[in-house]
Amino acid sequence: MMKRLQSSPRHKVTRKHHSGSTDSTADHHAKDTDSLHSDSDRSTSESFEKRTESEFERNSIRCIRYFIGFLMIGVTASGVFLSYKYLKDQQDTNFTMEFNVIANDIQHLSSDRVTELLGDTQSLAHSITTMAINSGVDWPYFTDPNFGFVVSSFMTLTDTHVLSLAPIIHDAVENANWTKYAQANKDWIQRGLEFEKREPVENATFFPSTYRMSAGVKIPERGQGPFLPVWQTAYTPDDGGVVNFNLLSDEHYSTVFDSVLEGKKAAMTDTSHHIIPIYSSNVDFDELHDFRHDMHHEETPNSLLLYPVFKDSTEDEIVAILNADFDWVTAFALSTDEEMPAVDVVVDDMCGQTFTIQVKGNDAHFVGFGDHRDPNYGHFCHKFEFAPSLDMHHTGGDECSYMIHIHATKEFSEKYHTSLPKMAAILIAAIFLFMILILYLYDAAVNARQKRILKVASKSEKLLSVLYPKTIRDRLFHVNYNSDDDSTAGEGGKQSDLLKKATKYQLKTFMATALPTGKANSLEFFDSKPIADLFLHATVLFADISGFTAWSSVREPSQVFTLLETVYRAFDVIAKRRKVFKVETVGDCYVAVTGLPEPRKDHACIMAGFARECVDRFGELVGVLETTLGPDTGDLGIRVGIHSGPVTAGVLRGDKSRFQLFGDTVNTASRIEATGRRNRIHISEETADLLALAGKADWLRRRDQLVTAKGKGNLQTFWLMTKQDCKLHELGYTTAEFQQPEQQSLEMSLPEEITQASLNLSTSSYEDIEALLSPKMKRLCQWNVDVLARLLKQIVAHRLASQSNHHKTLYDKELTMREGEIRCQFMVLDELVETIPLPGFDQKVYKRQQNPDDIVLPEAVMEQMKLYVACVAAMYRDNPFHNFEHASHVMMSVSKLLSRIIAADEILNANENAAKSHDFGWSLHDHTYGITSDPMTQFSVILAALVHDLDHLGVSNFQLIKEDHKLAHIFKNKSVAEQNSIVLAWDTLMHPRFCEFRRTIYATPFELERFRQLMANTVLATDIFDKQLQTLRRNRWEMSFSGPKPITRDETKDNVNRKATIVIEHLIQASDVAHTMQHWHIYRKWNERLFHEMTVAYKAGRMENNPAEMWYKGELGFFDNYIIPLAKKLKECGVFGVASDEYLNYAMENRREWEEKGEAFVKELVQKYHTEEREDTNKLVQSHRRNPKRMSLDFSKPQFNLR
């Protein structure tokens, strides 16, 4: 069969075909095999590359790990070393610094003690000389009968234990006479013992003649002299044994004595000389010689100071020697009571003798003779020579001098070299090692997690590599990654949405961030649910500034905001520190809450502590601000109300969205605050219960009366004690005593003994005069100085710009002469002029003038201005109304009106760009009649306001004229009080101590004349009852403002000056009665003070009519006939801007309120002052009937003296 098949042709063809096919298949198999081998090789290559890359990454990560590990170890070592070195160096620095401080203190104190000893001994010697001269006896025969009394204070002051007086006996004749004298005058011993309250020793012996010691036996001196017997001593010897001992019998003492005679100055023995014990009683003279040379360690080193006593003040002849012991130990003690580490003081006389004293603060004790310092601290040494100016005599010779070596001790070193560096280094090392351990564990955890992830990824990759080609795998992975990201973002978005739906989270977010701009009014914004929630446990606080409305009515807007910003900024700082949330400020009311947005159990305690600190801080701030914001600022108070309960809190959306509180708790807190008292914290019963549960019951005081709150009925409330209340309570004050309602302002008056005293301006310093003023007057003085300084800077700036800053001495002679002439003018009224000439406008000066705030006034000018203001304050009398506080109030009103003039609101309102125009200076000058162009005018009016009531007697000019008062004679019954004020203020300013101040105000005679005219016209304008002056002012007003006359540059100079004069007069007149054109509370305050002053005058018989009978109708007439017409004239002047409308509106409103409430108010005043004792009456009567020569200031030699 096979053969047939093989032989068949067809089959041959087929076979051939199959053979070809087989070859082709073989070729394909070969190609496939090559392809498989190629893929296998490629896969192997890729696998190898991946393995190589993976190995490289692992090696790189391993190297990075090692590097980070070594870096951390290095950082740890460096941190440990640097911290240890820093702290060690700091300790060394502190050690060295403190040692040097103590060593320098010891050096200076020891030197000072020697100096003080010499000075006190000199004073004692001079007093002995004086007593000897006064007694009329000759030396040496002098005995001070009061010696013990004289030297007792000296010994106490100098810490001297032994003191003696030894007269010099020159020859044998004097010695013989001395024996008789000593025997006859030995009774000083008995007097001294009686003074010291001691008894003499039984069988006491008195040796009448000068003697020396030999082998324990007293041998009378028979030589030719000189001799130096011990005579009077303190303490007095009770056995009399040391009296008449010849000190010159001691060789070393004799050497020192010769030095005293030769140099005629004090000298001191060395510490080896022990003649000092002979001054003590019961001394064994046999042991004297041995005692001098035997240095026992238990004895302290002492020296003897020899000070010469001269015969008279010429100090030519020495007649006696004062001997005082000097204790070396106490000389080096410090004067502080603080505990201080000990230091060793080694005293070396450079001749082989040393001794050591250990000083520990004010305690010094003798260690022993020799160098006993700690050798371990010998390198810490401070060396100096002891008392180089004092003549020290040493037995070793002149080359010996005392050097002091101060060394540190172990105790001193241990105080500053503690184990802190080691402990800090160990702690830092432990922290770093702990961080390294945490980092290692974290790296191990991350590495293990990565291995697990890589293992799973490897399996996934192998599976995908079988199913999909590489390109498809890459695309799948890419899509999956993005899908994962999207999925993750979706989950995060859902979580974020869920979180944002939490109300409290929304509240916290809103309170921490601001609402995006432009979103508040969008529809999308209101489609969402409101952000609000109920907080069950919260405490709300309302704090309101008491007296703010009245205070702000007399202030500039900038001053009002200065107060509010300062106070609220301080409250914000406290709130942030105490975790209190500030809700808002409404006007002068501050609202805060605790217990939200994060609830807390101690919300009431937190708020109570916040309120207490705010009240204390407010009191501090208003006291400081009074020096910049003016009178009555320090009288402001704060009223606080607190209530606890549930609160609805949320974001009230819309334009200017805000976080708001709602609910009964908020309303109740507001009622609690409204019914409180100034400078007190008023809390509800609910808040008090929470504080009591928290252990703060001692902070609470139950209010005696129930409080009636609108919509709440009667409430029992409590006072939360402030720190000041707690102090008063500890001092024994009852609750009622510090729960008084609105307090009056601080007492302004000077004490009686001060007002009657005479102040010598020639010798008194600013501190002396300021010490006479009350704290409130001091603050007012500082504010007045600040106002005057600002205007004085404007004068200097204008003078510099006008290039008229003449040399200081150019007009000095002429100014001095003119000042003297003006000072002698009694009748100031004669200087009154119809128009005050003001300088014209200079465009160059206006453009060239620098900012006055950049001007720095000389220190001498500032000091003299402060002194002048203090003198003015001291010269004001103790009147209820016409006092320094009222003068400051008038000055504040003048300052406000002047600022309105300078602001020129009408010009700026008409054209907003007017300030930038070329003619703005001209326009402002014309609009204000030249007042804004002349800083001299502004300064003069301000100063005139300050002194316009100076030395006011508390009664009217009419009364002074009626009483035929001396002042009425001097000023010819015309404007008596006003002329007196000008003369006193001017006379004070002309004192030589104010020369620099005067020369800064005016530098030329022309400026002096204008300054004088401005002062005279302004002060005299306050006399509104003089008919002649009234007629002059009325005619001047009709001439200038009788018709609608626009202000033009072509207007005559005289007419412009006349208008300026009218403006100045109306300005001071309005300011003098400014309280009638201010808030009702301000008006009531000053109206009561004026009523008080006139009532006192009436009771003293210095007023015809009882003010109580005509006060109500009199005020109505005063409003109708003077106040309201004056306010209208301010408006008609056209230069005061909105201030004129403000003054007129307040005047009309006060007039309306007085008509309604005036009668009841007068009854209150009558009741109040009728029940008072007659202390004020007696005080005023005595003040006005006392010697009329009382002056507030007593100049050394004034050119004239009014009284």
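## Close-up views of a predicted model

**View 1. Both faces of strand 6 are covered by the rest of the model.** On one side lie Asn302, Leu304, Leu306, Pro308 and Phe310, on the other Ser303, Leu305, Tyr307 and Val309, and all are buried (under 20% relative accessible area, with exposed meaning over 50% and partly exposed in between, for a 1.4 Å probe and protein chains only). Strand 6 spans residues 302-310, and nine of its nine residues are buried. Strands (E, at least two residues) and helices (H or I, at least four) are DSSP runs, numbered from the N terminus. The model is predicted: local features need pLDDT of at least 70 and side-chain atom pairs count only at pLDDT 80 or more, while totals for chains, interfaces and linings use all residues. Residues are numbered from 1 along each chain as its sequence is written, and side-chain values use heavy atoms, with hydrogens and water left out.

**View 2. Strand 6 is joined to strand 5 and to strand 7**. Two strands pair if DSSP finds at least two bridges between them. Strand 5 (residues 267-268) runs antiparallel to strand 6 and is joined to it by two bridges; here alanine 267 stands opposite leucine 306. Strand 7 (residues 318-327) is also antiparallel to strand 6, with nine bridges, and its alanine 324 stands opposite leucine 305.

**View 3. Five strands form an open antiparallel sheet in the order 10-9-8-13-11**. Strand 10 (363-369) and strand 11 (381-385) stand at the edges with a single partner strand each, so one side of each lacks a neighbour in the sheet. From one strand to the next, the twist averages 20° (axes are lines fitted to C-alpha atoms, for helices over the stretch in contact, and angles run from 0 to 180 degrees between N-to-C directions). Six bridges link strand 9 (residues 354-360) to strand 10 in the antiparallel sense, and lysine 360 stands opposite aspartate 363.

**View 4. Strand 19 (residues 680-684) is largely enclosed by the rest of the structure, because five of its five residues are buried**. Arg680, His682 and Ser684 point one way, whereas Ile681 and Ile683 point the other way. Strand 17 (residues 637-652) runs parallel to strand 19 and is joined to it by four bridges, with glycine 641 opposite histidine 682. Strand 23 (residues 717-720) is antiparallel to strand 19, likewise over four bridges; isoleucine 683 stands opposite phenylalanine 718.
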